[in-house]
Amino acid sequence: MRGLKDKVAIVPGGATKIGVAVVEAFKSHGVKVIVADIDAENGAKLAGDDVVFVPADLRSDADIARVVQTAKDSFGRIDFLVNVAATYLDNGAESTRSEWLEALDVNLVGSVMLMQAAREELRKTRGAIVNFGSISARVAQTGRWLYPVSKAAILQLTRNQAMDLAPDGIRVNAVSPGWTWSNIMDSLTGGDRAKTDAVGADFHLFPRVGDPEEVASTIMFLCSDESSFVTGTDIRVDGGYTAMGPERAEPAIPRLMD
Ligand SMILES: NC(=O)c1ccc[n+]([C@@H]2O[C@H](COP(=O)([O-])OP(=O)(O)OC[C@H]3O[C@@H](n4cnc5c(N)ncnc54)[C@H](O)[C@@H]3O)[C@@H](O)[C@H]2O)c1
């Protein structure tokens with residue numbers, strides 16, 4: 001893809017499965033990466049020639065400043081910001097004020113503060129930002145309020161950022177993944193991908209969950225010059241989840257004749 005080689009990306013949340021796929025995709029395209037994550041153990045494993053790990057909490061402005069400074073000191077420029085980090089903290093209708101504020105702080109506000117800190121560098125390189133929405137941004141899900149609301153806000157934030165950063169030549173888009181093979185699925189199923197695919201099958205036109213690499217390749221497109229006129233939108237990497245509405249992948253009419 002054009003316009004990736006020798007560039008520099010910051011990936012908050014890069015220590016998780018989806019984040020690692022993004023880091024690996026960037027590396028394969030010759031992009032240097034700053035990974036910022038509170039997970040110091042897994043983040044440190046990614047460090048190498050063209051990857052620098054910075055332990056950082058997105059709720060801390062001092063940490064955010066350190067991430068941006070490290071990118072400038074290590075690689076001399078910032079081209080891309082890919083906001084993978086998120087918390088699944090959510091107690092639905094029972095969520096407390098502090099839980100609301102924490103979820104929004106990590107999922108929404110932290111990425112905005114990081115954008116502010118990196119904006120001048122992104123302006124110099126006419127860079128690109130990719131935010132993470134989700135299928136959860138568009139549907140009601142039982143017992144979940146904080147996460148879906150924060151993901152819906154991210155899609156609106158993406159439109160706002162795209163408008164006000166366009167004069168700086170910075171494009172801002174989002175990806176909205178469907179169920180994607182990730183740490184939470186790995187731990188809930190004891191690493192059983194086949195079981196995960198079987199449960200996910202009802203909700204996606206392709207009867208499985210997505211691979212982290214399928215999300216990462218869409219992000220590469222959104223960072224590359226191949227998407228130079230794409231801004232303010234999101235790409236649904238969801239195997240058709242949102243195309244179905246309340247329908248299921250199994251035909252409903254025959255059930256009337258059972
Ligand atoms: N897994 C899915 O099916 C799915 C579906 C749709 C969207 N997404 C989105 O993909 C992204 C990755 O999801 P995941 O399932 O891999 O999540 P995950 O919880 O496994 O990973 C999130 C990462 O963010 C980091 N993080 C959390 N709080 C942080 C903080 N305060 N500061 C810095 N880093 C912090 C964690 O350490 C972790 O590395 C998220 O934005 C999520 O909303 C995931």
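A polar contact, as used here, is a pair of N or O atoms within 3.5 Å; within protein, one atom must be able to donate a hydrogen and the other to accept it, and residues adjacent in sequence count only if both atoms are side-chain atoms. By that criterion, a polar side-chain atom of tyrosine 88 lies 2.6 Å from an oxygen atom of the ligand. The model is predicted, with local features requiring pLDDT of at least 70 and side-chain atom pairs counted only at pLDDT 80 or more, while totals for chains, interfaces and linings use all residues. Residues are numbered from 1 along each chain as its sequence is written, and side-chain values use heavy atoms, with hydrogens and water left out.

**Ligand site**

- The ligand is surrounded by 27 residues, the closest being Thr16, Asp37, Val84, Tyr88 and Tyr147, where a residue is near a molecule if one of its heavy atoms lies within 4 Å of it.
- In this shell there are 14 nonpolar, eight polar and five charged residues, with Ala, Val, Leu, Ile, Met, Phe, Trp, Tyr, Cys and Pro counted as nonpolar, Asp, Glu, Lys and Arg as charged, and the others, Gly among them, as polar.
- The side chain of threonine 16 places an N or O atom 2.8 Å from an oxygen atom of the ligand, and for lysine 151 the corresponding distance from a side-chain N or O atom to a ligand oxygen is 2.9 Å.
- On its own the ligand has 830 Å² of accessible area, of which the protein covers 90%; such areas come from the Shrake-Rupley method with a 1.4 Å probe, and for residues only the protein chains shown count as cover.
- The ligand sits in the largest pocket, in the sense that more than half of its atoms lie within 2 Å of the pocket's grid points. A pocket is an open set of points on a 1 Å grid over the protein atoms alone, where a 1.4 Å probe fits and protein lies on both sides within 12 Å along at least five of seven lines.
- The elements that give two or more residues to the shell are α5 (146-165) and α6 (183-188), helices being DSSP runs of H or I with at least four residues and strands runs of E with at least two, numbered from the N terminus.

**Serine 95**

- Serine 95 lies in the loop between β4 (80-83) and α4 (97-125) and is buried at 12% relative accessible area, where buried means under 20%, exposed over 50% and partly exposed in between (1.4 Å probe, protein chains only).
- A polar atom of the serine 95 side chain lies 3.0 Å from the backbone nitrogen of asparagine 91, and one lies 2.8 Å from the backbone oxygen of glycine 92.

- Aspartate 6, in the segment before β1 (8-12), has a positive phi of about 70° although it is not a glycine, and is partly exposed at 46% relative accessible area.
- Arginine 126, in the loop between α4 and β5 (128-132), has a positive phi near 50° and counts as exposed at 59% relative accessibility.

**Sequence and spatial separation**

- Leucine 157, a buried residue at 14% relative accessible area in helix α5, is 44 residues from alanine 201 along the chain, with their C-alpha atoms separated by 31 Å.
- Isoleucine 235, in strand β7 (residues 234-237), is 10 residues from aspartate 225 in sequence and 16 Å from it, C-alpha to C-alpha.

How values were computed: 1 Å grid on protein atoms, 1.4 Å probe; cavity = no way out; pocket = protein on both sides within 12 Å on 5 of 7 lines; lining within 4 Å.
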